[in-house]
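Morning, everyone. Let me put the model up and walk you through a few spots.

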Amino acid sequence: MSLLGRTGRSPVSQRRTSSVERRDPFAAIDTYYDEAELQKRLLGNKQRSISSYAKQATVGALEPDFHPRRRGSHDEYTQADQELLINVNTTIDDLLAREDKDRNFQITIEDNGPKNISVGTLASAGYRSTDLRGNYVISNLLQELTLAQDLGKKVIKIHKSRLHENPVDRLSRRIRDEFWKNLERCLDANSIEKAGKDPKDWTADPRPRIYVPHGCPEQHEYYTQVAKDKPEMRLDVRWLPEGGATAEFVRDLNEAPGILALAMRKETVDGKDTLKGEPFVVPGGRFNELYGWDSYMMAIGLLEHGRIAMAKSITINFAFCIQHYGKILNANRSYYLCRSQPPFLTDLALKIYDHIKHEPDALDFLKFATQAAIKEYYNVWTSEPRYDPATGLSRYRPSGLGVPPETEASHFVHVIKPYTEKLNLSFEDYVNDYNDGTIKEPELDDYFLHDRAVRESGHDTSYRLEGVAANLATVDLNSLLYKYEVDIAKIIRLCFKDHLTMGADFQTEANRIDSFETSSVWDRRARMRKARMDKYMWDQAAGMYFDYDTVKKQRTDYESATTFWTMWAGLASPKQAAGLVLNALPKFEEFGGLVSGTEKSRGEIHIARPNRQWDYPFGWAPQQMLAWGGLLKYGYTEEAHRLTYKWLYMVIKAFVDFNGVVVEKYDVTRELDPHKVEAEYGNQGSDFKGVPREGFGWVNASFVYGLSTLPVNMKRALGTITPWQTFEEKTAIKLDGFDDLTIQEASDESE
Ligand SMILES: OC[C@H]1O[C@H](O[C@H]2O[C@H](CO)[C@@H](O)[C@H](O)[C@H]2O)[C@H](O)[C@@H](O)[C@@H]1O
Ligand SMILES: [Ca+2]
């Protein structure tokens, strides 16, 4: 029954019965802020508009130098003050005016406002007020109001519990209900405009442009029609050449960057055949396309949230890229055509298969994904120039020409300036002449060969790789290839009776003769790779793996968290794994989890040698996720849980204190504001007004996946923002007379 509609009693006399929350206070925003429901509740069947309540719904939020109201005017009986009636726009304005002292449209612990606001209660139809106090709660209010504003709401009712929600639940819920949705893209008529946008398109006339591979005439026809139907979009549809894009061709596209077509399936709509794009997710921030390893990491989170269809669709898109672009791309933009990213396809396929194996077409899916991975393995990772015949190991070593166009021009000024000075040319003129081959500069060719390899490795950039990446057989890449070999052997043996035929789409030179695959070859490849990695990369004295320089023919000494990928892949022996846990782990463990590389390996930082984002003191979600997985695989549950806890604590603490922020990477040594990272191109995900809407893809995933591995007491402690040290102290088991002894001392004593 409506509040004012039928009984005619005063709001106050009704409040004890009517203000009891019947909705789920944690429902997704579109249902939670459903105006029809509020209209019914406030007005019954009367025609008065909701916005006529807007004035009274601003009660208490109006005066600039506000003082909390006298208790008597507050609606604080039993449940009566729990549901609030709030005018969206005026309350946002007031909140920002009073609380956002540094004027960045966020309410954080750095704003020294009153941290207190009085808002109207629903029970009194906004005539009486109640207080909201504390940074987290009022910042949540700003976030909820901004979300409601996005939906075009003028007045909302909101239950206080939504503003006081356990932060772990709130972030998990926002990832599940909002962030994934906002990161979703699709390349068909209704959605291509969104994915067509590229914040990294620095040309004079950025416009949506799509490149279609030669083998997809139906897609070309489809997009041409879309362009005709929606001229206002200015969609530019172009072909890619038959036989694939050469480095010269890709360089020449720099003037006209565009998105690359992805998989589409046939559908019948209103009796007419049409094409429907396979959806995908983007990392967020300026990364508005399908990335290689980001997508794998996000799929882990999506699977955790039951989004199996999306994970399948990502896999189908990967297979499309292998078939039509020759590789899983760094991402599907024209300027990424020559390079790939760390490969995870077999693991992704197996994880999905695990969820769908009861379905009739599960084996077809697994076969298709495995065929694609085999083609990728042969054609990309174990072919030259990536394959190093001397060691039998692989390197990131993509082709390409010139200066990568996707980074800000300023990124390479320090590298190119000495050369511009020699020829007395401006930076722009030099880059143009160098790119088109008018200027020949072998030193720069070498620099950009390695720079492309750095970017293909996903670790762009780091002093581990700068100036040498293309020569390194890295621990990361070879661990992932070992995992491919082991997975492919397992799939062929266990799912395809040791005989996997290769479909026409994925035939390669390597399997054209037999055109089927058996497991023993893949088993042997895995054993060979492990032996080679032991020989070239394992350092017994240090107790960890290091990259191997295939040109200098020596092991490098940069300590990188990629050393733990050997555990994720399952290639470290139990003894090597114990060595890694004992020797390596302490070097990388920081306040917020694992750091990418050690401070010692990074070396000194100064103006001429600035911070690199994949070095100390920064930590990245994929590094954490792979290390947790590796530790769990070898039974180091305690270490895995501790690292997971530390990372999640850092993420959730920043989320609580900084207006719900979730960013691309963190400074894992910084306890108060770890999301503040000033290295290279800044931190994606931190630049929002009022509320973050997408978080950042792989951090979202790390949060969801990390939580799924933790016991319930740890999840509860995270929900109350308990630092690791406190949690550890409170949960330590102490035996009388035994507490100061280490296990070793205790066993010595008992002998
Ligand atoms: O624009 C500069 C570089 O940006 C990308 O790298 C970073 O973001 C990616 C998406 O989240 C991520 O996969 C990568 O690990 C990050 O370092 C891009 O991949 C680079 O190629 C590009 O030059
Ligand atoms: Ca602020």
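I'll take the ligand site, then an annotated span, then some backbone details. Keep in mind that this is a predicted model.

Start with ligand 1. Ligand 1 sits in the largest cavity. There are 21 residues around it, and D294, N330, E406, R455 and G458 come nearest. What is the make-up of that shell around ligand 1? It divides into 9 nonpolar, 5 polar and 7 charged residues.

Now the polar contacts. A polar backbone atom of G458 is 2.5 Å from an oxygen atom of ligand 1. N330 brings a polar side-chain atom to 2.8 Å from a ligand oxygen. For Q341, an N or O atom of the side chain is 2.9 Å from an oxygen of ligand 1. And how much of ligand 1 does the protein bury? Taken alone, the ligand exposes 480 Å², and the protein buries 100% of that.

Next, the annotation. An unreviewed UniProt entry places "domain: Neutral trehalase Ca2+ binding" at residues 92–121. That span is 27% helix and 17% strand. Its end C-alpha atoms lie 17 Å apart.

Last, the backbone. A cis peptide bond joins E384 and P385, with omega about 10°. P385 lies in the loop between helix 14 (362–381) and strand 12 (387–388). Another cis peptide bond joins D460 and T461, with omega about 5°. T461 is in the loop between helix 17 (442–456) and strand 14 (472–473). Then look at N424. Its phi is positive, about 55°, although N424 is not a glycine. N424 is in the loop between helix 15 (413–423) and helix 16 (427–435).

Terms used. Residues are numbered from 1 along each chain as its sequence is written. Chains are lettered from A and ligands numbered from 1 in the order in which they are written. This is a predicted model: local features need pLDDT of at least 70, side-chain atom pairs count only at pLDDT 80 or more; totals for chains, interfaces and linings use all residues. Side-chain values use heavy atoms; hydrogens and water are left out. A residue is near a molecule or strand if one of its heavy atoms lies within 4 Å of it. A polar contact is a pair of N or O atoms within 3.5 Å; within protein, one must be able to donate a hydrogen and the other to accept it, and residues adjacent in sequence count only if both atoms are side-chain atoms. Accessible areas come from the Shrake-Rupley method with a 1.4 Å probe; for residues, only the protein chains shown count as cover. On a 1 Å grid over the protein atoms alone, a cavity is a set of points where a 1.4 Å probe fits but cannot get out, and a pocket is an open set with protein on both sides within 12 Å along at least five of seven lines; lining residues have an atom within 4 Å of a point. A molecule sits in a cavity or pocket if more than half of its atoms lie within 2 Å of its grid points. Ala, Val, Leu, Ile, Met, Phe, Trp, Tyr, Cys and Pro count as nonpolar, Asp, Glu, Lys and Arg as charged, and the others, Gly among them, as polar. UniProt positions are given in the numbering used here, feature names are shortened, and annotations may be inferred rather than shown by experiment. Helices (H or I, at least four residues) and strands (E, at least two) are DSSP runs, numbered from the N terminus.
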